[in-house]
Amino acid sequence: GLTLNVEDKDSAAILIVDDDKQFAGYLEALLLEFDANITVRLAHDGFEAGKLISSFQPDLILMDLMMPMMDGFETCKSIKADPQTAQIRIISMTGYASEKNVSRILALGAEDCLIKPIDEELLMQYVSSILIR
């Protein structure tokens, strides 16, 4: 069916996917402090993220690579494989930034791979780029 997006777009919807609840909470606080027009949702694994994506329709997903059950690689792959969600921008994050992991996630469609601890300034540049189109 045709869904009309009634939200106006000077707001941004961001989904944080990370099994580290403390880190996810820190990112959420950071984003909300950065701009009041941001709506944030948290998911703690790929399955939860998948369920949230269709209802929440995020503009940007900040996704950890290493998660139990369904990791960031699988999650990214399934998001990009679905025409409904393929346009969503994905920034991956990891504490294990081997060259292999980074090239693999970029090949799956993520736009960047940020190393934890996250460079907050760099992250906010990505966030700014989705706020004002």
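Asp64 and Lys116 join their side chains in a salt bridge, with 3.3 Å from N to O. The model shown here is predicted. Asp64 sits in strand β3, residues 60-64, while Lys116 sits in the loop between β5 and α5, so the pair ties together parts that are 52 residues apart in sequence. Asp64 is buried, because its relative accessible area of 4% falls under 20%.

Lys116 has another partner. Its side chain also meets that of Asp18 in a salt bridge, at 2.8 Å from N to O. Asp18 belongs to the loop between β1 (12-17) and α1 (21-34), and Lys116 to the loop between β5 (112-115) and α5 (120-131), so this contact ties together parts that are 98 residues apart in sequence. Asp18 is buried too, with a relative accessible area of 0%.

How many salt bridges does a search of the whole structure find? The count is three.

Now turn to Glu111 and Arg89. Their side chains meet in a salt bridge of 2.7 Å, N to O. Glu111 lies in the loop between α4 (99-107) and β5, and Arg89 lies in strand β4 (residues 89-94), so the pair ties together parts that are 22 residues apart in sequence. Partly exposed is the class between buried, under 20%, and exposed, over 50%.

Note on methods:
Residues numbered from 1 in each chain as written. Predicted model: local features only at pLDDT ≥ 70, side-chain atom pairs only at ≥ 80, totals over all residues. Heavy atoms only, no water. Salt bridge = Lys/Arg side-chain N within 4 Å of Asp/Glu carboxyl O. Helix = DSSP H or I, 4+ residues; strand = E, 2+ residues; numbered from the N terminus. Buried < 20%, exposed > 50% of the residue type's maximum accessible area, 1.4 Å probe, protein only.
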